[in-house]
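Have a look at the fold first, then read on.

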Amino acid sequence: MSGIDINAVVLETVRKCRTNNPFELAGSLGIDLDYADLGGLKGFYIVYEKGRYIVINENLDERLMKLVAAHEIGHDCLHRDIAERGGLKETGFFDMKSKPEKEANIFAANLLISDREMLELAEEGYTIENIAKALGVHYQTALIKAEDMGKRGYEVRVPYVPKSEFLGGEV
């Protein structure tokens with residue numbers, strides 16, 4: 001998917017299916033969506049015998065299920081060819097070292113947060129953490145969205161407020 005405008009793919013998919021709700025979108029795209037106890041795995045996307053499937057861990061909260069569904073739809077829209085060859089392996093949900101995972105995360109962020117929403121909240125002085133809470137998305141999703149918008153030429157001026165434990169984590 002090198003060089004593709006992921007946000008443009010999101011916008012076209014939403015326009016075509018008339019929804020940005022990942023659960024409705026999966027159905028509209030012909031993807032079977034199911035839930036199962038996946039242990040530590042949040043979800044996965046697979047192409048099997050010409051069918052496309054997303055399985056989400058039934059033990060997740062609704063907000064995380066929505067994010068996982070959006071991420072896996074990203075794989076369908078961006079990486080179906082890889083999945084058809086059996087080469088798509090989930091490594092870590094916010095693993096930004098794997099190109100397919102990074103692209104699926106960018107797809108999910110753009111699906112769940114519109115440019116307009118991000119800009120309006122940023123202009124009101126919201127931090128990334130406040131934006132995530134206001135929109136009901138994961139903090140990392142809002143960060144990915146802001147970074148992607150910056151790469152697309154937007155000046156997303158989000159105040160940076162370091163978390164109190166920023167020195168307490170691993171180096």
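A crossing is called left-handed if the near helix is turned anticlockwise from the far one by less than a right angle, and right-handed if clockwise. Keep in mind that this is a predicted model, where local features need pLDDT of at least 70, side-chain atom pairs count only at pLDDT 80 or more, and totals for chains, interfaces and linings use all residues. Residues are numbered from 1 along each chain as its sequence is written, and side-chain values use heavy atoms, with hydrogens and water left out.

**α1 against α4**

- Helix α1 (residues 6-17) packs on helix α4 (residues 99-112) at about 50°, and their axes are 9 Å apart. Helices here are DSSP runs (H or I, at least four residues), numbered from the N terminus; axes are lines fitted to C-alpha atoms over the stretch in contact, with angles from 0 to 180 degrees between N-to-C directions.
- That angle makes α1 and α4 oblique to each other, since under 35 degrees counts as roughly parallel, over 145 as roughly antiparallel, 65 to 115 as roughly perpendicular and the rest as oblique.
- The crossing of α1 and α4 is right-handed.
- On the α1 side, I6, N7, V9, V10 and V14 make contact (heavy atoms within 4.5 Å) with E103, I106, F107, N110 and L111 of α4.
- Sorted by class, this contact has seven nonpolar, two polar and one charged residues. Nonpolar covers Ala, Val, Leu, Ile, Met, Phe, Trp, Tyr, Cys and Pro; charged covers Asp, Glu, Lys and Arg; the others, Gly among them, are polar.

**α3 against α4**

- Helix α3 (residues 62-84) and α4 cross at roughly 125°, with axes that come within 8 Å, so α3 is oblique to α4.
- α3 passes α4 in a right-handed crossing.
- Residues of α3 that meet α4 include L67, A70, I73, C77 and L78, and their partners in α4 include A104, F107, A108 and L111.
- By class, that contact has 12 nonpolar, five polar and three charged residues.

**P100 in α4**

- P100 lies in helix α4 and is partly exposed because its relative accessibility is 21% (buried is under 20%, exposed over 50%, partly exposed in between, with a 1.4 Å probe and protein chains only).

**Confidence**

- Mean pLDDT (the predictor's confidence in each residue, from 0 to 100) is 86 for the chain, and 84% of its residues reach 70 or more.
- Over residues 162-171 the pLDDT is below 50, and this stretch has two contacts beyond near neighbours in sequence.

Definitions and conventions. Helices (H or I, at least four residues) and strands (E, at least two) are DSSP runs, numbered from the N terminus.
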